[in-house]
Amino acid sequence: MHGAIVILPKKGVPYPFPKPDKEKIIILGEWWKADTEAVVSQAMQTGLPPNISDAHTINGHSGPVPNCSIAGAYTLHVEHGKTYLLRVINAAVNDELFFKIAGHNLTVVEVDAAYTKPYKTDILFLGPGQTTTALLKAVEGIGKYLIAISPFMDTIVAVDNLTGMGYLRYNNTLAFTRTTLTSIPPVNATALTSVFSESLRSLNSKEYPANVPLTVDHSLFFTIGVGINPCATCVNGSRSVAAINNVSFVMPTTALLQAHYYGISGIFTDDFPAKPLMPFNYTGNPPSNLQTMNGTKAYRLAYNSTVQLVIQGNSIIAPESHPTHLHGFNFFAVGRGVGNFDPENDPQKFNLVDPVERNTISVPTAGWTAIRFRADNPGIWFFHCHLEVHTTWGLKMAFLVENGDGPNESLVPPPSDLPQC
């Protein structure tokens, strides 16, 4: 069971867009016929990728699914002439998803709880962990319209290719009214994802400025991808793994924040590499050695320091789109591209005026994304791929942000009832 936490503006503070008549929450997800814990356990024991899901869901309903006679469908009831604020959340585990409503356009006004310039589109694209808020004007003819969610995958990796279906239904629609259908994008619609991602801009108004760091204290370059490590008990004697800068993260038995606050040694080290230790042609032919290093490593940042992080996807085994998430901060997505990042020429094309502000961003297949943020939240914060399969395999690391001056810039003590385990 899961749901959404919606944080509304302060009382008396209006939205920076026309007030909608109603708000609706739409949660996208995946569904397995098996116990999901058993699916993960089997994958970890065999060293192979987990089984893909059996259906996609809209607010817990899959709509029609092959070999399932009782699958229900979510229905969004609307009144003609009204405007609806749709809060769309991708709570899927491993799939980036398209969202489309037949015959209707949407106007994006917010992503990941940060306002955007209005962007009109007929389709949304969300990676796991991302949210998109859009205005829907119910101004089409009285009737019933298909809502479709479908996966994106532009490489050879297996994906659940079933379309999740629901319906938008106008009040006073007659029973047995024929549903207005829509086309769904090809599963490998890379160009569509690029157009959507590159069209998003921060609102950057007086009330909601885009405070992009213009100077950089830490310039980091992280390569992300998968690998193969030996495993005596696994199928074929090997295990699928994932890594950042060729380091697969090992989960500690003591919480990182607890170890940091109490100064417990031996739990983690703060020597995570700022760049790959062994550079290679990241999106070309992969190296012959596919093994990764294991470690529980963090990268240390002084309070209020500024960070530029270039996230470079690689082509080891298979290139893939990676939705990456940073805990504890919002960041600005200042640039993206296909192929290897060019440190001389690509920064000249960065958007430092109104880049979209997010906390989760997709790194394009065999490409790169550049983000900037200010480390003004002391503590230990994970950075990881939001595909559960990859974060389980070790595609994550942690930032350690030191305390600043005084209590307002310092890590708060743990609660008195912190469980001792």
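1. A cluster built from ring pairs joins Phe222, Phe272, Tyr299, Phe329, Phe373, Trp381, Phe383 and Phe399; rings of Phe, Tyr and Trp (its six-membered ring) pair if their centres lie within 6.5 Å, with planes under 30 degrees apart called stacked, over 60 edge-to-face and the rest tilted. By this rule there are 24 aromatic pairs.

2. This is a predicted model, in which local features need pLDDT of at least 70 and side-chain atom pairs count only at pLDDT 80 or more, whereas totals for chains, interfaces and linings use all residues. Residues are numbered from 1 along each chain as its sequence is written, and side-chain values use heavy atoms, with hydrogens and water left out.

3. Phe98 and Phe125 form a tilted aromatic pair, 5.5 Å centre to centre with 40° between the planes. Because Phe98 lies in strand β5 (residues 96–101) and Phe125 in strand β8 (residues 124–126), the pair ties together parts that are 27 residues apart in sequence. Phe98 is buried, at 1% relative accessible area, and Phe125 is also buried, at 5%; buried means under 20% relative accessible area, with a 1.4 Å probe and protein chains only.

4. The protein has 4 helices and 25 strands, which are DSSP runs (H or I, at least four residues, for helices; E, at least two, for strands) numbered from the N terminus. Of the contacts between residues at least 6 apart in sequence, 79% join residues at least 24 apart, where contact means heavy atoms within 4.5 Å.

5. Along its principal axes the C-alpha trace spans about 65 × 55 × 50 Å, and buried residues make up 48% of the 421 residues.

Terms used
Buried < 20%, exposed > 50% of the residue type's maximum accessible area, 1.4 Å probe, protein only.
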